[in-house]
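This briefing is intended for a reader who is new to protein structure. Please view the sequence and the structure together before turning to the points below.

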Amino acid sequence: MAELKEDFSTTTWVMIPVAIAINIAIGQLIFALKIPLYLDSIGTVLVGILAGPWAGALTGLLSNLIWGLTGLNVTYAPFAAVAAVIGLLAGLFSEAGWIRAWWKAILSGVITGLVAAAISAPISAYVFGGVTGGGTDVIVAIFRSFGFGVLPASFAQGVSSDPLDKAITFLVVYLIVQALPLRFLARFPRSENVREEPEPA
Amino acid sequence: MAEAFSLYTGQESLIHKLHPLTKLTLAAFMLVGSLALPGPWPTYILFIAVLVPLALLARVFPRLLSLAWRVVLPFAISVFLIQGFLWPGGTPLVAIGPLSLKREGLLFAVTSVGRILMVVTSFLWFALTTRPDLLMTSLVQRGLPSNLAYIIVATIQIIPRFQQRASTILDAQRARGLETGGNLLQRARGVLPLVVPLILSSLVDVEERALAVEARAFSHPGKKTSFIEIAESGWEPLLRWVVIIAIAALIGLSIWLRTL
């Protein structure tokens, strides 16, 4: 409990809205550049890594609720639980020290993407008929025509996009964390998880 | 709230005057009803009998429809083509070339489109009629931690500034010769030079914001007063209880219908 209170410092509380705005601004930028990725959880992963799994989960959850409540992208709201799990996993990988090396960061992203695909498939199947309304629906069509159920077809669609998307997200966050000044990083409760301890002078 | 991101436009209507929590319970009623009730038709009944009248009362119906159909249409096309025609097995209804529209697939598609329609329009109806800061103030008065309310209100205020900053960075990098057109690889190469400055520059804000909110007793544990007073007519709490009981009844009904 004391640890949780330490994670939610004033810096964390102030960081969360900035992180959500990062999610939304970059998500829209990527969409405008017509790149077939989402990259709409960079802020969530950043908070998870720097302020712990619970702060990451809260960022993801509120991020998708805000997409919905502001009417900006209402179809994201039902996936709020998935976004929360992404933030949670980012925090856990950071605790395990996986964000200290670029290849471990990418691997964390791939695993997070697989988990995200697995939890979003039932939501997508129940609320959205298993489709996304986008280009990756070709994969749903292929799997359905081979006789797979709605749920496996939706999962296959997720696997085709989520692991790559989250791997790039984690890599971007890794690069950012390495570029941030130590003085700034030190303001966050879990900063010791992301950089090697500086050599004593 | 000047320059805050939200679909809310300060219109005058019976619905706009309602307490935010009343609208929240009404939106929850529509969401729960459309997701809990089994079968293809309940969502369409809810749409016609509840959502359309509420949107007409709020005088947002044309706007809501034009926003909703842009979101719903791609889903509807996908779901009809994929689940309607590619349903494995099933009873064929109409044959087009080698494919045929299946009865089961069509029913599944109709069910899904109803759910998508209701999820999208309930959220849009709420967003179009409710000021986000008033919603948060009313939730804090009911015991929501003010830190959570801060996150939501601050985010909504930050988003427009971020969008502006994103387009400034896009222009700056283009002026330095960054390709943002061309093939996918060229566009993908542009991602890092756009994303990294945006994130780094916004993180610089965090420190300043932390000092600013601390100076305003952010982490002080005592009770805080609010600048905003929310007006409410005497019958509204009663209406809310009626809606909450109706939500419970809907959940009960859908459990009963599924065990039949």
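A:Leu39 counts as partly exposed because 19 C-beta neighbours lie inside 10 Å, whereas a residue needs 20 or more to be buried. This is a predicted model, and the points below are grouped by topic.

**A:Leu39**

- A:Leu39 is found in the loop of chain A between α2 (10–32) and α3 (42–51).
- The phi angle of A:Leu39 is near 45 degrees, which is a positive value in a residue other than glycine.
- Most residues other than glycine have a negative phi.

**B:Arg59**

- In chain B, the loop between α3 (42–57) and α4 contains B:Arg59.
- B:Arg59, also a residue other than glycine, has a positive phi, near 55 degrees.
- B:Arg59 counts as partly exposed because it has 16 C-beta neighbours inside 10 Å.

**Fold and dimensions of chain B**

- Chain B contains 10 helices and two strands.
- Along the sequence, the elements of chain B follow the order α-α-α-α-β-β-α-α-α-α-α-α.
- The radius of gyration of chain B is 24 Å, while a compact globule of 260 residues would have a value near 18 Å.
- Along the principal axes, the C-alpha atoms of chain B fill a box of roughly 65 × 60 × 35 Å.
- Of the 260 residues in chain B, 36% are buried.
- Among the contacts in chain B with a separation of 6 or more, 71% join residues 24 or more positions apart.

**Domains of chain B**

- The domain assignment divides chain B into domain 1 (18–130 + 233–254) and domain 2 (138–215).
- The C-alpha centres of domain 1 and domain 2 of chain B are 33 Å apart.

**Contact between the chains**

- Chain B contributes 61 residues to the contact, and chain A contributes 50 residues.
- On the side of chain B that touches chain A, at least two residues each come from α4 (61–85), α5 (103–129), α7 (146–175), α8 (184–189) and α9 (191–214).
- The largest share of this side, 16 residues, is supplied by α9(B).
- The residues on this side of chain B comprise 44 nonpolar, 11 polar and six charged.

**Confidence of the prediction**

- The average pLDDT of chain B is 87, and 98% of the residues score at least 70.
- For the complex, the predictor gives an ipTM of 0.85 and a pTM of 0.89.

Notes: Residues are numbered from 1 along each chain as its sequence is written. Chains are lettered from A and ligands numbered from 1 in the order in which they are written. This is a predicted model: local features need pLDDT of at least 70, side-chain atom pairs count only at pLDDT 80 or more; totals for chains, interfaces and linings use all residues. Helices (H or I, at least four residues) and strands (E, at least two) are DSSP runs, numbered from the N terminus. The radius of gyration is taken over C-alpha atoms; the globule rule is 2.2 Å times the number of residues to the power 0.38. A residue is buried if 20 or more other C-beta atoms lie within 10 Å of its own, exposed if 12 or fewer, and partly exposed in between; C-beta atoms are placed from the backbone. Two residues are in contact if their C-beta atoms, placed from the backbone, lie within 7 Å. Ala, Val, Leu, Ile, Met, Phe, Trp, Tyr, Cys and Pro count as nonpolar, Asp, Glu, Lys and Arg as charged, and the others, Gly among them, as polar. Domain bounds come from an automatic or database domain assignment. pLDDT is the predictor's confidence in each residue, from 0 to 100.
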